[in-house]
Amino acid sequence: MKKSKASNIARVLIEALPYIQRFSGKTVVIKYGGNAMTDEDLKSSFARDMVLLKQVGINPVVVHGGGPQIGSLLKRLGKDSKFVQGMRVTDAETMDVVQMVLGGLVNKEIVTLINQHGGAAIGLTGKDGGLIRARRLELDGAGGLSPEERDLGHVGEVESIDPSVVRMLDEGRFIPVIAPIGVGPDGAAYNINADLVAGKMAAVLGAEKLILLTNTPGVLNGEGELLTGLRPAEVDALIADGTIQGGMLPKVACALDALRSGVRSAHIIDGRVQHAVLLELLTDEGVGTLLHA
C-alpha cells in the first residue's frame, strides 16, 4: 500500500473514533427510502452501514418506506393509484397490496441484504408485539375537499407506540427493520407515512439521533447552498420566509417534532451518496443537514 493511501485511511479511521466513542450504546433511528432503496449499489452500501454501526456498538433501528414499489405492483395488477394531498387513497384491496409489499417484499429484501453483509436483522411491522397502534387519518375540509375526497381509507397516523419488542432486539445483537403498518382498535391495518413513524419511534425510544434519507442534498438556502447546524428557531424562520417549502416541509416538520420530543439531533441527508449514513455520523463534515435540539 502506498504511503499516501495508508495515510488517508488512517486519517479517516482517526476522524471516526470520537464519534464512535460518543455514540456507542446509543440508538439511532434511520428512515430508509428514496433512491437508496432502488439503486443496487446504494442498497448494498446502506446494508453495510447498518452492519458496521452495530459492530462498533451503535444501535440502528430502520424504518422503511416503499411507495414506488407499491405503485408498481398496483399498476401490474391493473389498479390505478389515486393521491390526495400527496397521500395514497387506500381501500381494502389496496391495503392488501400495501401489506404484501411493505411487510413482505421490501421488508424482507432489506433484512436479507443486512444479513448477507454479516448483520442480524429482524423484520417487523407495527402489528408485531403491538408495536404501532394507529387511528384513521382524517383530513379537514381545507382546500375545498369534499367528504368523499377526504376519506383516504386505510391511511393512518400513529396513536401510540409500544417499543418493547424493538428495545429487546436493539439491546441484543439484532437490527430491527420496521414496515410502517399500524393496527387500529378494530384490528384493521393502516398504512402510515414512514417519516412520521420514524420520528415517533425515535422519540419513544429516546434515540440519540433521527436520520431521514432523501433524494436531495438536505435543506438548501435561496442560493442552493446546503444549510446545517440549524436550531428549531432558525428552521421556523426559514419556513416563514419560504426558504423551506414543498416536499421538504413535511420532513423538516417530522425532524422538529422529534427534537421537541427529546431526540438530541435530527439529520436530513442525501441518500443518493454511497455510505451516506456512515459519512453523516462518523465524519466531521457529513453529507446533509444537521438540526440540533
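## Around strand S8

Val62 sits across from Val177 in S8. S2 and S8 run parallel, joined by two bridges; two strands count as paired if DSSP finds at least two bridges between them, and strands (E, at least two residues) and helices (H or I, at least four) are DSSP runs numbered from the N terminus. On to S5: five bridges link S5 to S8, again in parallel, with Ala121 opposite Ile175.

This is a predicted model, where local features need pLDDT of at least 70 and side-chain atom pairs count only at pLDDT 80 or more, while totals for chains, interfaces and linings use all residues. Residues are numbered from 1 along each chain as its sequence is written, and side-chain values use heavy atoms, leaving out hydrogens and water.

## How hidden is S8?

Five of the five residues of S8 are buried, so S8 is largely enclosed by the rest of the structure. Buried here means under 20% relative accessible area, exposed over 50%, and partly exposed in between (1.4 Å probe, protein chains only). Ile175, Val177 and Ala179 point one way, Pro176 and Ile178 the other. In a regular strand, side chains alternate between the two faces of the sheet.

## The whole sheet

Zooming out, the open sheet has seven strands in the order S5-S8-S2-S1-S11-S12-S13, with mixed pairing. Its edge strands, S5 (121-125) and S13 (288-292), each pair on one side only.

S1 (residues 27-32) and S11 (residues 209-214) pair in the parallel sense over four bridges, and Lys31 stands opposite Leu212 in S11.
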